[in-house]
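Trainee: Could we go through this structure together? I would like to begin with the strands and then turn to the helices.
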Amino acid sequence: MAKTTIAAPSSSVRQTQGTALQRFLQATEIDTRLLGMIGALLIIWLGFQLTTGGLFGGLFLTPRNLWNLTVQAASVSVMATGMVLVIVTRNIDLSVGSILGFVGMIMAITQAKILPPLIGFDNPATWIIALAVGIALGTAIGAFQGMIIAFLNVPAFIVTLGGLLVWRAGAFLVISGATVAPMDTKFRLMGGGAEGSIGATASWIVGVLACLVIVASIINSRKQRKRFGFPLRPMWAEYFLSTVGCVTVMIAVWVLNSYYMPVNLAKKYAEANNIPWPEGGLQIPLGIAIPVLMAVGIAIAMSFLTTRTRFGRYVFAIGGNPEAAELAGIKTRWVTVRIFALMGALCAIAAAISTARLNAATNAQGTLDELYTIAAAVIGGTSLAGGMGTISGAVLGAIVMQSLQSGMVLLRIDTPLQSIVIGIVLVMAVWLDTVYRGRAK
Amino acid sequence: MTEQRTPLVEMKNISISFGGIHAVDNASIDLYPGEVVALLGHNGAGKSTLIKILSGAYKRDAGEILINGEPVHISNPRDAKGYGIETIYQTLAVADNVDAAANLYLGRELRTPWGTLDDVAMEAKAREVMGRLNPNFRRFKEPVKALSGGQRQSVAIARAILFDARILIMDEPTAALGPQETAQVGELIKQLKREGIGIFLISHDIHDVFDLADRVSVMKNGQVVGHARTEDVTKDEVLGMIILGKVPPKAIAGPGAMQSA
């Protein structure tokens, strides 16, 4: 739907014209924009690898850096998936960073100040209650802003600009600017780290399950198309896509499993589990971090929501032509409210990830995150003119942004210079996209 | 026409104003099954506004709407669709960024037992309907934006007839089309008429619709000048109604008719 596919052939049989590359892209129905982004990401990675010590000695493409990269990108990519829907409907949400700060603070207060006297310290239900409170609050804030936008016709830019100030100040006021710490031990798992990872075996299981899902969905889509006699992809293309999908998943799992617990943590772990400390040290693979698993799960759920459900269809229809959507009988105002409510809920999940990671809530948490989130969505191909954008693109955009930041930290580039580079990259990415879209027409 | 039958649609004494301006003032029109009524008038005569009240885009200030003789309440586009009223808007009102099938089913998507969109079934039905309307149409996977004016028009028409419309409203249906595509739309209107569908054709250009219509209703300054059967009047007489509000002898005068006549 939102994918820009290659111009369909004008006969029902797939034509075999054009260059080998064109034929290949046509047969596999790969989104060329997404392919371009993956290419750009690989170039960035390779560039940092070469500049941090050469192809084999570089610091960038190490399991440790890549593992950290995935964890650091989790929070923004969760919010970017929601921002896609917001921007697709020609709105904007400038308040996500402040909502993250406010909701994170409330979740922290809930688990550190309110719950312990009621249900005791370290109660197993603490993290669930805190997270539920956060999600409910985030959803309520988002729905409230959405209603002002949809029913009082105040532009989203203004409403969320107001929200940016209000919720940031709210995060300060609720506890007079204090920092709340520490977090509940189970809640902390959502932040990743040595404990907040699922380990090697579970990671492999997740990888295998992901492969099964990829293959099953390819088979299912082929079956569906066969049922109605639509043109099918050639078999080699199906095999190719399945193989690429599975190999990518497995490499990712392998990389994450190659990052071992730091020595002092491993020692603690060995003591706690009564394992004798061997001569060469213990190598305990961390595997996939829980926040990364959450982000991937949310990205899949959001992709499903945008491409497979009525709600997602309406979001894109409204973005393409609000008047037509209204005339087709879509309750456009309620769709807007639901989009902002969803955005609020995603902010709450991002807030859980970042407070858990920091093991504290501060009133400055999430400052400027709205800009990173919008940038991730836009770098990922979401059009500010509305009607276009993909979840996978936004997640890739978040990874691109985080890669630039991590890479520059490895290169010891000063913070102001980092901002300059990211700013320039953002503008260039959008310019390139405009050029690409101009050509595609 | 056998005037004794119950009209399919009857809009009685409809009025609506926007900020003190009477866009439609005490207008009454009707439509019988299998009949094509052309609603004519200058730009700003109120014809599009009147018809948007029927299709649910605007809410009337006064008057009533009867369908098959029953008073009905239409306050939004969904209500209108519920009564089998489908509209093809002047602006086509398609969502540019999604494909033909998504547009055909916009607001009424087919779903699988799981509650998800059944895109394959929608595409299959879209191929079937589009095959009937415009056999050359093959670009099912592309956003509607990439289509030509005629192709977009066929998508808009297909959407209207897909759900067994009984009353079809076409606002300037051929304004954006070339001669060949216009002829195609003409054929289509005749076909739909044979199926017993009542059609309102709205146009400011009499030449577009005179040969297709059974009757004309003319509006001027928000009021109905008069009604006439096309066999009873000439194009020039209808032009007189449009421009001057002058009602020819065989036409029935409405409230907007020139008073001195």
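Trainee: How many bridges join β3(B) to strand β9 of chain B, and which way do the strands run?
Mentor: This is a predicted model. In it, four bridges join β3(B) to β9(B), residues 215-220, and the two strands run parallel. Within β9(B), B:Val216 is the bridge partner of B:Ala38.

Trainee: And what about β3(B) and β8(B), in which sense do they pair?
Mentor: β3(B) pairs with β8(B), residues 198-203, in the parallel sense over five bridges. There, B:Ile202 in β8(B) is the residue opposite B:Leu39.

Trainee: Is β3(B) mostly covered or exposed?
Mentor: Strand β3(B), residues 36-40, is mostly covered, with five of its five residues buried. B:Val36, B:Ala38 and B:Leu40 point one way, B:Val37 and B:Leu39 point the other way, and all are buried.

Trainee: Which strands form the open sheet in chain B, and in what order?
Mentor: Four strands form it, in the order β2-β1-β4-β5, with antiparallel pairing. Its edge strands are β2(B), residues 21-31, and β5(B), residues 70-72, each of which pairs on one side only. From one strand to the next, the twist averages 30°.

Trainee: How many bridges does β4(B) share with β5(B)?
Mentor: Strand β4(B), residues 62-67, pairs with β5(B) over three bridges in the antiparallel sense. B:Leu66 has B:Pro71 of β5(B) opposite.

Trainee: Which helix lies across β1, β2 and β4 of chain B?
Mentor: That is helix α1 of chain B, residues 47-54, which runs at about 115° to β1(B).

Trainee: Changing topic: where does α5(A) bend?
Mentor: Helix α5(A), residues 96-119, bends by about 40° at A:Thr110. Just after this helix, A:Gly120 takes a positive phi of about 90°.

Trainee: Why is α5(A) described as largely enclosed?
Mentor: Of its 24 residues, 17 are buried, so α5(A) is largely enclosed by the rest of the structure.

Trainee: At what angle does α5(A) pack with α15(A)?
Mentor: The angle between α5(A) and α15(A), residues 369-379, is about 130°, and their axes are 6 Å apart. The two helices are therefore oblique to each other. In this contact, A:Val96, A:Gly97 and A:Leu100 of α5(A) meet A:Asp369, A:Glu370 and A:Thr373 of α15(A). By class, the contact residues comprise two nonpolar, two polar and two charged.

Trainee: And α2(A) with α16(A), how far apart are their axes?
Mentor: The axes of α2(A), residues 32-51, and α16(A), residues 391-410, are 10 Å apart, and the helices pack at an angle of about 10°. That makes the two roughly parallel. The residues of α2(A) in this contact include A:Leu41, A:Trp45 and A:Phe48, and those of α16(A) include A:Leu396, A:Val400 and A:Leu404. The contact has 13 nonpolar, four polar and no charged residues.

Trainee: How far is A:Gln22 from A:Pro124?
Mentor: Their C-alpha atoms are separated by 56 Å, and the two residues are 102 apart along the chain. A:Gln22 lies in helix α1(A), residues 20-28. With 13 other C-beta atoms within 10 Å, A:Gln22 is partly exposed.

Trainee: Finally, how many residues does each chain give to the contact between A and B?
Mentor: Chain B gives 26 residues and chain A gives 27 residues. On the side of chain B that touches chain A, the elements giving two or more residues are α2(B), residues 77-82, and α4(B), residues 119-133. The residues of that side are twelve nonpolar, three polar and eleven charged.

Note on methods: Residues numbered from 1 in each chain as written. Chains lettered and ligands numbered in written order. Predicted model: local features only at pLDDT ≥ 70, side-chain atom pairs only at ≥ 80, totals over all residues. Bend = angle between axes of the 7 residues up to and from the residue. Buried ≥ 20, exposed ≤ 12 C-beta atoms within 10 Å, placed from the backbone. Contact = placed C-beta atoms within 7 Å. Nonpolar A, V, L, I, M, F, W, Y, C, P; charged D, E, K, R; others polar. Pairing = 2+ DSSP bridges. Axes fitted to C-alpha atoms, helices over the stretch in contact; angles between N-to-C directions. Parallel < 35°, antiparallel > 145°, perpendicular 65-115°, else oblique.
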